[in-house]
Structures are given as structure tokens and as C-alpha cells.
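Reader: I would like to go through the charged pairs in this model with you. Could you begin with the term we shall need?

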Amino acid sequence: MSHPILQFSSVSKRYGSKTALQDVSLQVGAGKIIGLLGSNGSGKTTLMKIAAGLLQPSSGTVRVCGEPVGVKSKAVTSFMPDKPLTEPWMRVRDAIAFYRDFYPDFDLAKARDMLAFMQLNERDKVTSLSKGMNERLQLTLALSRNARLYLLDEPIGGVDPVAREKILDAIIQFYSEDSGLIVSTHLIRDIERIFDEVLLIKNGRLILHEQVDAIRTNHDKSVDDLFKEVYAE
Amino acid sequence: MINLLKYDFKRNANLILAGAAILVLAQAALMLAGWWRDWDGQILYIGIMVIYVLFGFLAYLMMCQTYNGNIRSYSRRLLPLGSWYLPVSPFLLLVICYLALGAMFVLFDTLFSLIFDVKDTLFSMLRQFVGQIGFWDSAAMTFNFLWGLLFITVAVFMAITVARTIDGKGGTFMGIAAFIALFALIVWIEALLFPQTKDDSSWGIVSIEINEGAIVSGAISKANTSFDWGLLLFELAIVAALYYAILYMLDRKVKL
């Protein structure tokens, strides 16, 4: 029996008195690029951190490829968080070597292809990279693994339109078809074209999980328009 | 573990290499100045020993900083490894740094005794002491030092981990308070459980009695080494409990 790539069952997360996620249940299958959409503070990053194993849910269960989140799930999950995965002393080649040393599914040939595609130089110091180039490096590290689940937290936040296009092209070109990929963002117009499904999250609750085509057919709206309607204040 | 050590070293490589260079230059400059100006050898030796102690302390701070950085680093926390490695790797780095520092000290001590014709250096006294008490007692003393280092380090890591469960300055104060409370509690319980064997300064299992008059003259005549198994078991239990608590907090409570 094949398990879903990612499965949340009644997951809640509280920080003291603040509820970040409330009773979230969802399943993500293989071969899908899913947009995790929500305004700032809606719970997108918390959901991703729980799936990646950085946070424990207050209640509920999370499974990745049938395994509870832990050492085994981390081995098949590639997470690009909102903070850099590199350390200040590193050059680009050190970051690549770090991934190669710790992740058996790291594909060096794919990494070299991505570095060339992203116009990154292995000799560059990580601290000397611009924000856009740093985003490209983080994405290179995350997508160069042959993981089952990719989690990209705001991969195009704060980068210029040219870099955005480059990053989106890289996502489409380099992600594995037998994997699930979740991209969180609130810049929907720029990224809508790559989504198969979207998850809308508001105040920690999952309010919609639907295919993009179905949204266009059933609601007669683009995802961006639907987002604006749902999150209008 | 080797890979983790490699990256902990790489992260601190500039600091470690710069520290080693400064230490070598400082002691070379002091020895040259002392030789040139005919300074008192004993005072110069003590001065350089103080520098070594200072660098040993700095190495300890570096280890704490490495642990503090690792437990908050996404790149480390996402690795497909259990949390158990997070405290172990920086501690091993510290042990390696102390071995290197010890080797540098032996070299310095030998050179110093040759250049300044000082016979009663620390290393020569230590060799004499080890020759008198024998291999097993020397091994027990070394184990005692390592055990004390491990015991204190686990307590310090516990305090750092507590500090990282709360955001902001409140976390730092909480960590300091946890450290003080923890040590006060352990000392109190040990005094209750082992009133006859515990003295104020010993953390660990080996009690060593030395004729103080003999130390002053540089000729140590007596060493009596004994194991306190009850105390050892108690401290083993404390270390295991603290380590488990650290892992629990790393997995469930530390803010990321």
C-alpha cells in the first residue's frame, strides 16, 4: 500500500495562549506542486516546520511517506526555510559539500547543473551573495536532493522579478515527478502558474484544499482573485 | 560524528587557528623579553601559565557558543540524525582542543626549562608525581578530570538549552538561574547522601590525598587514590538524567 507523501491528521500547534494551527488535516500525493497560501501570520511557516520536524505539534499526528516525523522522515524531506541553511563561514562549495556529507540522496550532478542554471560560482562566499543569489543557493541546496517531500517557504520573497522567474523555472525543471512539493507564499500572481493544487490557510485553520483548475472552473476566478476575496479585511 | 566534528571545527577554524597563533606569539614574545631582560624565571613561568589557563577558558566558551549555535541552526536541526549528537560533537571538539593545548604546553614547558634552567616546572613535577603514584592512579586522576569536565559541561549545556526555550533576555536569565539552582541542588543532595566522603572541591569519583609540605618542596611523597562507587553511581545518574532532559527540550521545547 502506498502512503501519501505528507499526511496531517487533526494537527494543532499552540505557542502559549496563541494558537498557530488549529485542527489541520490534509494529504499530499506524489507528482503535485501545491501552493500553501495565506497572509502573514496565518500559520504557513508553522505548518512547514512541523512537516520538516523542526517543531512538534501540540496535538495530532504528522506522517511523511507513512513514517511519523523524526529521523527517518528528515531523510526524505527537503526543507528550504525562511532562514538560510548555510553558515557564514561557508563558500558555495562548502554548502554543497555539507549537503553531500549528510544527505545520502544528495545528487551532486544535479547540484552542479543547478549552480550553472542559477549562475552561482562555487568559489563565492555565502556572505557576499545578494539576497536574490542567496535565495537561488538555498533553492539549489533544497532541490538537489532526490527527496520525496520538498517544502519551500517563501522561495521568492524579497527577490526581484528576474530572479523570481529564474527560481520558478528552476522549481519546475529540477523537482522530481515522484515527489510532493509544497511552496508557501503570499505573492500568488507571480507563482500561480506552477501550482497544481492550493491550500488556503487563515488564522491557523485550513479553509480550502482544491485543484487550481477546479478553482478556475468552479469559482470562475484566478487563485490570486480568490486569495484577495478570502483575505479581504 | 566525524563529519559533525569536521563542520564544528570548520565553523570555529578561524578562531582556533588565530588563538593558537596568538598563544605561540605571546609566549615567544614573553620568553624572548624575559631572556633579554633577565626576568625572574618563576614569575615568567607563572605568567605564561596564566595565559594557558585563559586560553583553556576561551576554548570552553567557544564550545558553549558552538553548542548554542548548533541547537538553533536549521542546517543542523534538519539533519537526519538523532538529537543526541548536538551536545556530543562540541564536547569532543573541546577535548581535542584541550589535547592540543596540552601538547603545546608540554612543548613550551620543555623549552622553558632548557632556556631558563628552571627545574621545578609543572610538567617535570607532574612526571615525578605520575612516576610515584603509578599508572593506575594516574589513569584514575585523568578519568577524574574528564569526568569533572563532562559533569560540568552537561550542566552548562542544560542551562543553555533551558535558556533557548524562552525568547529574549528572559531566556538568558532563566538559563543562569537554572545553572545556579542545579548546582546548589546537586551539592546539597551530595552533602546529604555522602557526608563522609565529599569535600568542597571534588566533582567526581577519585579522592587524592597529598602531603602538602611535600608539594612546597617539589617532592611529592604520598598519594592515596580511592574510588567512591556510591558517588560515582549518583553522578552517573545525574548526568544521564540531565542528558535526557536536554534531549527532551531539544526535541520539544527549544525555540526555532
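Author: A salt bridge here is a side-chain nitrogen of Lys or Arg within 4 Å of a carboxyl oxygen of Asp or Glu. This is a predicted model, in which local features need pLDDT of at least 70 and side-chain atom pairs count only at pLDDT 80 or more, while totals for chains, interfaces and linings use all residues. Residues are numbered from 1 along each chain as its sequence is written, chains are lettered from A and ligands numbered from 1 in the order in which they are written, and side-chain values use heavy atoms, with hydrogens and water left out.

Reader: How many salt bridges are there over all chains?

Author: The count comes to 12 by this rule.

Reader: Which residues are linked in a network?

Author: Salt bridges link Glu87(A), Asp8(B), Arg11(B) and Arg76(B) in a network. Within it, Glu87(A) pairs with Arg11(B), and their closest N and O atoms are 2.9 Å apart. This pair crosses between chains: Glu87(A) lies in the loop between strand S6 (77-80) and helix H3 (92-102) of chain A, and Arg11(B) in helix H1 (residues 2-37) of chain B. Helices (H or I, at least four residues) and strands (E, at least two) are DSSP runs, numbered from the N terminus.

Reader: Is Glu87(A) buried or exposed?

Author: Glu87(A) counts as buried because its relative accessibility is 4%. The cut-offs are under 20% relative accessible area for buried and over 50% for exposed, with partly exposed in between (1.4 Å probe, protein chains only). Arg11(B), at 23%, is partly exposed.

Reader: Turning to chain A, what does Arg216(A) pair with?

Author: Arg216(A) forms a salt bridge with Glu192(A), with 3.3 Å between the closest N and O atoms. The two lie 24 residues apart, Arg216(A) in helix H8 (residues 212-219) and Glu192(A) in the loop between helix H7 (188-191) and strand S9 (197-202) of chain A.

Reader: And how accessible are Arg216(A) and Glu192(A)?

Author: Arg216(A) is partly exposed at 38%, whereas Glu192(A) is buried at 10%.

Reader: A change of topic: what caps the N-terminal end of H2(B)?

Author: Asp40(B) does, with a side-chain oxygen 2.9 Å from the backbone nitrogen of Gln42(B).

Reader: What span should helix H2 of chain B have?

Author: At 1.5 Å a residue, its 32 residues (41-72) should span 46 Å, and the end C-alpha atoms are 47 Å apart, which agrees. The expected span is 1.5 Å times one less than the number of residues.

Key
Polar contact = N/O pair within 3.5 Å; in protein donor to acceptor, adjacent residues only side chain to side chain.
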